[in-house]
Amino acid sequence: MASRKEELLDRLIAYLAKHGIADLSLRPMAAATGTSARLLIFHFGSKEQLLQEVLEEMQTRLQASFVAMAQKGRKVPLLRAFWDWALVEPNHAMLRLLYQLHMQAAQAPKTYGRYLKGNSLNWLELIQEALPPAQRDPAFATLLGAVFDGLFIEYMSSGDKRRTTASLDTFIRMAQAPMGPVTTPRPRR
């Protein structure tokens, strides 16, 4: 049986996924989630701690869902499967909120520094593990994560699913194309 705090986290995630964090106030959030601002402070200590715990819970849920998706047999490259997965509810709503919270956390590294570092490393490890063994290079996994991040932020900003998906497909084709020999430029004398 879920604890009162776990049930509250479920409702808080749903509320924040719908309303975002701009102008976040504890009283309206508490009323909408069937509690009081005083009880939110009792359970979480502060608004920042509440956001941090919501972030961690969303990360846990999203990463478990990502792992389940990555373990399924797929006919498309991992990055495309990741993109398609991200655009399906509730993943899309939670990722949108996660990016909002991530930007807020980046502005307050003293408060959220532990989260920021852990978030990046966790996703990098998950992406690396989901790749075929020959492609499990940290630099390649970082590149895939960065391309996904950039295109997802562009999609959130523009709402242009067709263009951002086409851009992702273009990147995948480029990444799969055979590369010519890599030459190191000679230093000028």
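The expected span of a helix is 1.5 Å times one less than its number of residues, and helices here are DSSP runs of H or I with at least four residues, numbered from the N terminus. This is a predicted model, in which local features need pLDDT of at least 70 and side-chain atom pairs count only at pLDDT 80 or more, while totals for chains, interfaces and linings use all residues. Residues are numbered from 1 along each chain as its sequence is written, and side-chain values use heavy atoms, with hydrogens and water left out.

**Helix α9**

- Helix α9 covers residues 161–176, and because its 16 residues at 1.5 Å a residue should span 22 Å, the 22 Å between its end C-alpha atoms agrees with expectation.
- Its buried residues (under 20% relative accessible area with a 1.4 Å probe, protein chains only) are T164, T165, L168, F171 and I172.
- Seen down the axis of α9, these buried residues fall within an arc of 115°, so they line one face of the helix; the arc is taken from the directions from the helix axis to the C-beta atoms.
- An α-helix has 3.6 residues a turn, so residues three or four places apart point the same way.
- On the face of α9 turned away from the buried side sit R162, R173 and M174, which are exposed, a word that stands for over 50% relative accessible area.
- The buried residues of α9 pack against α5 (78–86) and α8 (138–158), where contact means heavy atoms within 4.5 Å.

**Residue L98**

- L98 lies in helix α6, and it counts as buried because its relative accessibility is 6%.
- Leaving aside neighbours within four places in sequence, L98 is in contact with L55, M58, Q59, L62 and Y115.
- The C-alpha atoms of L98 and E56 are separated by 9.7 Å, although these residues are 42 residues apart along the chain.

**The largest cavity**

- On a 1 Å grid over the protein atoms alone, a cavity is a set of points where a 1.4 Å probe fits but cannot get out, and lining residues have an atom within 4 Å of a point.
- A volume is the space filled by probe spheres set on the points, which are joined across faces, edges and corners.
- A search of the whole structure finds one cavity of 30 Å³ or more, and the largest cavity has a volume of about 40 Å³.
- The residues L78, L79, F82, I127, L144 and G145 line the largest cavity, and α5 supplies the largest share of that lining, with three residues.

Methods. Helices (H or I, at least four residues) and strands (E, at least two) are DSSP runs, numbered from the N terminus. On a 1 Å grid over the protein atoms alone, a cavity is a set of points where a 1.4 Å probe fits but cannot get out, and a pocket is an open set with protein on both sides within 12 Å along at least five of seven lines; lining residues have an atom within 4 Å of a point.
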